[in-house]
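Here's a quick briefing to read alongside the coordinates.

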Amino acid sequence: AGEQEPDVLVELMGGKVAMNCSVILGYLHGLSKTTPNGPAKSVLRIHENGNWATGGGKAFAMGDNSTSTDISGRGAVSNGIIRVEVLGGMFNFNSGLSAGNSQYSSSEIYCSNGVVRSGTATWNSGVAYGSAPYVRTGVRKHAVSTFDFTGPKAKLQTGVITAGNANHASNYDYASTYLNFSDGATLEVACLTNGGNRATHTINRLTLDGGILHEQPAVSPADHFVDGRWEICLGAAGGTIAMHNTDKVHPVLAAIASAEGVTDGGLVVAADDDAAVLELTKASTYVGPTLLQKGILRFSDEGSLPAATALQLAGGTLEVAGTDVTVASLQLTAPSGISFTKGAKLVVTDSLTVAEPTVVAVAMSGATKGDRIDIIQVPEASAAALANIIFHTADGSALAVIGKTVTTAGGVATLTAEFDDPRTMDANWVNPDGGPWATAANWDGAIVPYSRPGVKATFATAA
């Protein structure tokens with residue numbers, strides 16, 4: 001397709017290359033400004049069953065970290081291209097990777113069928129913030145770092161990705177980092193952060209187009225999962241964010257938006273554990289649907305879902321706290337949870353769909369015994385669907401749901417829940433023919449007792 005042939009090509013067809021020393025791909029090869037083919041281009045290409053490993057406490061560098069200039073006054077590489085292609089096998093930089101290491105250079109990693117990773121077995125066992133295993137990009141100004149991972153067999157596994165080098169922050173201006181994961185490719189990382197605090201005119205962007213961002217364990221003082229100086233963009237195929245940590249919440253400080261020109265493509269929220277939290281602190285603007293599969297979806301500061309999103313609860317827990325959470329439509333397809341703070345409700349502006357009676361575990365904070373609180377608001381046309389929501393009291397909730405009513409006014413249906421001390425949630429079974437425990441009609445007053453110490457369910461003796 002007319003792509004420039006490399007001036008320097010290292011191909012690993014199979015076997016293993018292990019180097020316990022510093023490795024620099026693209027060392028001062030641009031001082032002559034150009035080659036007969038154009039800007040100098042150096043390529044490391046790894047084929048199926050090939051295994052490249054750099055260790056010994058030394059990093060793999062894409063560029064020579066030089067700030068010297070050629071006769072044109074430009075950077076040392078002068079638009080040089082430094083590229084790693086993983087077409088199979090593994091590219092392992094045990095002691096770190098530095099991309100964008102020379103001014104005006106273009107550092108590229110392309111992976112379609114293989115693993116790019118830092119560390120041999122430590123990348124997923126807890127990493128210290130700001131230390132190896134790591135990836136640094138945009139170390140020098142006007143350097144562009146682009147990672148393209150595509151396909152379900154393509155993975156980048158590392159501890160911390162730092163865009164910009166704090167030690168060279170003043171040299172970081174105009175440097176940009178683009179991480180692109182598509183068609184099932186996965187980025188497994190503990191933290192996306194930013195080291196160039198004084199840098200200007202930079203772009204640090206993660207694009208998921210059918211790709212997955214998977215949080216990894218972090219033993220660190222890091223207070224975030226994704227730094228606010230990053231952008232998260234969703235392509236037409238959408239993206240998945242899967243959380244891991246439960247001992248300490250690492251919020252996403254970056255806004256989630258649609259990629260340029262994309263008119264669909266939503267967000268899937270997943271987790272390794274029911275207690276893992278995805279906390280959003282910025283207003284999301286992507287145009288597609290939102291699917292909560294597992295874990296806890298939380299909002300803080302200015303965090304929110306797009307008001308036009310179609311929200312599907314298929315597991316996990318949605319937190320509605322502080323302010324209302326507004327969505328265009330809500331679909332309940334599996335037992336899920338909603339955690340409320342008194343004064344905030346879930347507002348559905350278009351439609352509610354509950355295909356069959358679905359259990360929702362409700363937690364309430366900030367309320368007192370006997371409170372009747374509006375918790376869900378839907379269009380009047382969806383009022384009947386509210387009857388298919390079966391409320392149970394979530395574990396750890398200070399108050400229990402003991403009843404619900406639906407009222408309509410002005411084209412809006414509002415579900416009001418009544419709360420009481422969970423220890424008083426005794427109930428009487430009234431269906432002599434038997435039936436499901438979770439069916440409200442089987443209990444006197446439609447109160448389904450929740451299994452907890454002190455709660456009694458009474459059954460009449462058969463005649």
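Which residue in S21 is the bridge partner of Leu 206? That would be Ile 232. Keep in mind that this is a predicted model. The notes below start with strand pairing, move on to salt bridges and end with a tryptophan.

**Strands around S21**

- S21 covers residues 231-234 and pairs with S19, residues 203-209, in the parallel sense, with four bridges between them.
- S21 also pairs with S23, residues 256-258, again in the parallel sense, this time over three bridges.
- On the S23 side, Cys 233 sits opposite Ala 257.

**The six-stranded sheet**

- Six strands make up an open sheet with parallel pairing, and reading across gives S3-S6-S9-S12-S15-S18.
- Its edges are S3 (23-25) and S18 (191-194), each of which pairs on one side only.
- At the S18 end, S15 (residues 160-163) runs parallel to S18 and is joined to S18 by four bridges.

**Salt bridges: the buried pair and its network**

- Searching the whole structure turns up 13 salt bridges.
- One of them joins the side chains of Glu 85 and Arg 45, with an N to O distance of 2.6 Å.
- That pair ties together distant parts of the chain: Glu 85 belongs to S7 (residues 81-86) and Arg 45 to S4 (residues 41-46), 40 residues apart.
- Are Glu 85 and Arg 45 buried or exposed? Both are buried.
- Glu 85 and Arg 45 also belong to a salt-bridge network whose other members are Glu 11, Arg 83 and Glu 108.

**Salt bridges: two further pairs**

- Lys 342 and Asp 371 meet through their side chains at 3.0 Å, N to O, in a salt bridge.
- Here the link runs between two loops, with Lys 342 between S31 (336-341) and S32 (346-354), and Asp 371 between S33 (358-365) and S34 (372-379), 29 residues apart.
- Lys 342 has a relative accessible area of 43%, so it's partly exposed, whereas Asp 371, at 15%, counts as buried because the cut-off is under 20%.
- Arg 372 forms a salt bridge with Glu 418, and their closest N and O atoms are 3.5 Å apart.

**Trp 230**

- Where is Trp 230? Look in the loop between S20 (211-215) and S21.
- Trp 230 has a relative accessible area of 2%, so it counts as buried.
- Leaving out residues up to four places away in sequence, Trp 230 touches Ile 161, Ala 163, Thr 177, Leu 179, Leu 192, Thr 193, Asn 194, Asn 204, Arg 205, Leu 206 and Ala 254.
- Some names from the strand notes come back in that contact list, including Leu 206, the bridge partner of Ile 232.

Technical notes
Residues are numbered from 1 along each chain as its sequence is written. This is a predicted model: local features need pLDDT of at least 70, side-chain atom pairs count only at pLDDT 80 or more; totals for chains, interfaces and linings use all residues. Side-chain values use heavy atoms; hydrogens and water are left out. Two strands pair if DSSP finds at least two bridges between them. A salt bridge is a side-chain nitrogen of Lys or Arg within 4 Å of a carboxyl oxygen of Asp or Glu. Buried means under 20% relative accessible area, exposed over 50%, partly exposed in between (1.4 Å probe, protein chains only). Contact means heavy atoms within 4.5 Å.
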